[in-house]
Amino acid sequence: MNNIHVLNHPLIEHKLTNIRNKDTKTKDFYENVQEIASLMAFEISRDFPLRDVEIETPICKTVAHELASDVVIVPILRAGLGMVDGIRQIIPSAKVGFIGLYRDEETLEPHEYYAKFPENIATSIVLLVDPMLATGGSAIAAVDMLKKRGVSDIRYVGLVSSPEGIDALHQAHPDVEIYTAAKDEKLNEHGYIVPGLGDCGDRLFGTK
Ligand code: PRP
Ligand code: URA
């Protein structure tokens, strides 16, 4: 499965340890999530296409390179919001769309409640961001929504994934590149990732 990328870098691992720690408070948790997202953006953009552009430096005219495709960041609400600013720091020209999904606590099935996308999303590189890939249900539903709008270059970007979630997303959408900062051990009987970091939305927004 060569479109699954586990980005284990010492800085990412260090910051992941901070957010896994149950004693980390909301402000530090959010800052570390943003920082990991920035570091991941560097790796995820490695193969972004470039085009020639003629510019003038203070010395002379020259042909340089700029990004050839528009980039759209699409967080899955709520927890995906925590990763948006970190990626925008590295790719400030990126536009932002939104997908609202929540997971039913009993059935673990995703439910859609919001969608808003920039006009040119179909021809853009889309970074679908959500820190947690647990059963994979939310990510699969979000990719379905993007494909319905004609998007073809979709890269899922997450922090902590279960083996079950990675397999499910890859089976449902083998064309989607999966970038994750960590692949954990398993899911528990409540659909939480083990060891994981708990409920990411609640930890980001201080709601529990
Ligand atoms: C969490 C998380 C993912 C989803 C992952 O969101 O942010 O979107 O669960 O689980 P899955 O892979 O089993 O679908 P949640 O539904 O708790 O909503 P929230 O972000 O609003 O808290
Ligand atoms: N959503 C979370 O926020 N955490 C998990 O471990 C699983 C789903």
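A polar contact is a pair of N or O atoms within 3.5 Å; within protein, one atom must be able to donate a hydrogen and the other to accept it, and residues adjacent in sequence count only if both atoms are side-chain atoms.

The model is predicted: local features need pLDDT of at least 70, side-chain atom pairs count only at pLDDT 80 or more, and totals for chains, interfaces and linings use all residues. Residues are numbered from 1 along each chain as its sequence is written, chains are lettered from A and ligands numbered from 1 in the order in which they are written, and side-chain values use heavy atoms, with hydrogens and water left out.

**View 1. Polar contacts of ligand 1 with Arg103, Ala134 and Ser138.** The side chain of Arg103 places an N or O atom 2.7 Å from an oxygen atom of ligand 1. From Ser138, a polar side-chain atom lies 2.6 Å from a ligand 1 oxygen. Ala134 contributes through its backbone, with an N or O atom 2.9 Å from an oxygen atom of ligand 1. Ligand 1 taken alone exposes 500 Å², of which the protein buries 90% (accessible areas by the Shrake-Rupley method with a 1.4 Å probe; for residues, only the protein chains shown count as cover).

**View 2. The shell around ligand 1.** There are 14 residues around ligand 1, and Arg103, Asp130, Thr135, Gly136 and Ser138 come nearest (a residue is near a molecule or strand if one of its heavy atoms lies within 4 Å of it). By class the shell holds 6 nonpolar, 4 polar and 4 charged residues; Ala, Val, Leu, Ile, Met, Phe, Trp, Tyr, Cys and Pro count as nonpolar, Asp, Glu, Lys and Arg as charged, and the others, Gly among them, as polar. Ligand 1 sits in the largest pocket. Two or more shell residues come from each of strand E6 (98-103), strand E9 (132-133) and helix H4 (137-148) (helices, H or I with at least four residues, and strands, E with at least two, are DSSP runs numbered from the N terminus).

**View 3. Ligand 2 and its backbone contacts.** The residues around ligand 2 are Arg103, Met132, Ala134, Gly191, Tyr192, Ile193, Gly198, Asp199 and Cys200. A polar backbone atom of Ile193 is 2.9 Å from an oxygen atom of ligand 2. For Cys200, a polar backbone atom is 2.8 Å from an oxygen atom of ligand 2, while a polar backbone atom of Gly198 is 2.8 Å from a nitrogen atom of ligand 2. Alone, ligand 2 exposes 240 Å², and the protein buries 88% of that. The shell comprises 5 nonpolar, 2 polar and 2 charged residues.

**View 4. The aromatic pair of Tyr102 and Tyr113.** A search of the whole structure finds 1 aromatic pair (rings of Phe, Tyr and Trp, the last by its six-membered ring, pair if their centres lie within 6.5 Å; planes under 30 degrees apart count as stacked, over 60 as edge-to-face and the rest as tilted). Tyr102 and Tyr113 form a tilted pair, 6.2 Å centre to centre with 35° between the planes. Tyr102 belongs to strand E6 and Tyr113 to strand E7 (residues 110-116), 11 residues apart.

**View 5. Backbone geometry at Arg78, Leu108 and Pro195.** The peptide bond from Leu77 to Arg78 is cis, with omega near -5°, and Arg78 is in the loop between strand E4 (71-77) and helix H3 (81-90). Val194 and Pro195 are also joined by a cis peptide bond, with omega about 0°. Pro195 is in the loop between strand E13 (193-194) and helix H6 (200-205). Leu108, in the loop between E6 and E7, has a positive phi of about 65° although it is not a glycine.

Key
On a 1 Å grid over the protein atoms alone, a cavity is a set of points where a 1.4 Å probe fits but cannot get out, and a pocket is an open set with protein on both sides within 12 Å along at least five of seven lines; lining residues have an atom within 4 Å of a point. A molecule sits in a cavity or pocket if more than half of its atoms lie within 2 Å of its grid points.
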